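Subject: Structure for you to look at

Dear colleague,

I am handing over the structure we spoke about, and below it I set out what was found in it. Please have the model open while you read.

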Amino acid sequence: MVGVIGDPVSHSRSPAIHNAAFAALGLDFVYVALPVAAGRGRDAVAAVRTLGLAGLNVTMPHKADVAATCDELSPAAAALGSVNTVVNHDGHVVGDSTDGPGLVAALRELGVDPAGRRVLVLGAGGAARAIVDALGRVGGGVTVAARRVEAGERAAALAPGAATVGFDDLDRAVVAADVVVNATPIGMQGEPPPFDPAILTDAQLVYDTVYHPSPTPLLAAAAARGIPCADGIGMLVHQAALAFVQWTGQAAPIEVMAAAAREGT
Ligand code: NAP
């Protein structure tokens, strides 16, 4: 058994994504949503050992607490101080952070290898930090755009040579980027993008980590102008696939997982 701990957790698409994958491969696994109150993340990790669970996904508000209680952390989880995946190796619990590598895999699936590309990341929160860390590990050239300068600088410190820019100076950074990644919630409530999409060109890729609703106003504007663009479903699927492989030892059925993820959008 595996599952996701969080509060709230009932909205999670992870059970549908993973259970579809288990069924497709005929694996004797089940994935459940487990509401766990703030402050009880350590108990959940202890339960992984006690119950012999294959692992867990971890969402708000437990990501830092769980990182502090794992027996070992992946390099990304250690750098971020945050865990979204727990893997049980015979009672030795390893924490990983698969969101950033999930975004990198999603970009590659779209035909864009971020290595050596200039990637502008909007935001400096949990998702943005994971993305910046992963881009740095694969040799992406990162600029972090944040409305709070200190938060932007802390995120940029995760990737070698990363630059920061304020939201007040966004246009220049957008024009200079090969890939623009929205890692803020902007667009979830129908808000317009924080820059004029008219400055984008079709040589760029716009990736919006938001997947509900889809398309966001940013993606709709980019698509209307013929700019390559994608929503956050690919990142969601690939972060799940990276956990799936660690729990089951099997290659993840990406198409099946993507179809399950899209259901309900
Ligand atoms: P978070 O930790 O709360 O961080 C949000 C970031 O966005 C912060 O830097 C915040 O700045 C900034 N922000 C929020 N509203 C803004 C605005 N109006 N203008 C400028 N900056 C703004 O959230 P998170 O966990 O990083 O998640 C961010 C988004 O990523 C979510 O909405 C979700 O849709 C998406 N996401 C997608 C996936 C996926 O698999 N596709 C995974 C995780 C997250 P302040 O600190 O100044 O508030």
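Two helices, H6 (126-137) and H10 (233-248), each contribute at least two residues to the shell around the ligand. Please bear in mind throughout that this is a predicted model, and that the values given here are computed from it.

The ligand and its surroundings

The shell around the ligand is made up of 19 residues, of which Ala124, Ala127, Arg147, Arg148 and Gly232 come nearest. Sorted by class, that shell holds 11 nonpolar, 6 polar and 2 charged residues.

On the side-chain side, a polar atom of arginine 147 is found 2.8 Å from a ligand oxygen, while an N or O atom in the side chain of arginine 148 is 2.7 Å from an oxygen atom of the ligand. From the backbone, an N or O atom of glycine 126 lies 3.0 Å from a ligand oxygen.

The ligand sits in the largest pocket, whose volume is about 1,500 Å³. This pocket is lined by 45 residues, and those closest to its centre are Met60, Lys63, Asp99, Gly126 and Ala127. Two or more lining residues come from each of strand S3 (55-58), helix H3 (63-69), H6 and H10, and among these elements H6 gives the most, with 4 residues. By class, the lining has 21 nonpolar, 18 polar and 6 charged residues.

Backbone details

Some points in the loops are also worth checking on your screen. The peptide bond that runs from aspartate 7 to proline 8 is cis, with omega near 10°, and proline 8 belongs to the loop between strand S1 (2-6) and helix H1 (14-25). A cis peptide bond is also found from serine 214 to proline 215, here with omega near 0°; proline 215 lies in the loop that joins strand S11 (205-208) and helix H9 (217-224). Finally, aspartate 90, a residue other than glycine, has a positive phi, near 50°, and is placed in the loop between strand S5 (85-89) and strand S6 (92-96).

With best wishes

Terms used. Residues numbered from 1 in each chain as written. Predicted model: local features only at pLDDT ≥ 70, side-chain atom pairs only at ≥ 80, totals over all residues. Heavy atoms only, no water. Near = heavy atom within 4 Å. Polar contact = N/O pair within 3.5 Å; in protein donor to acceptor, adjacent residues only side chain to side chain. 1 Å grid on protein atoms, 1.4 Å probe; cavity = no way out; pocket = protein on both sides within 12 Å on 5 of 7 lines; lining within 4 Å. Sits in = over half its atoms within 2 Å of the grid points. Nonpolar A, V, L, I, M, F, W, Y, C, P; charged D, E, K, R; others polar. Points joined across faces, edges and corners; volume = space filled by probe spheres on them.
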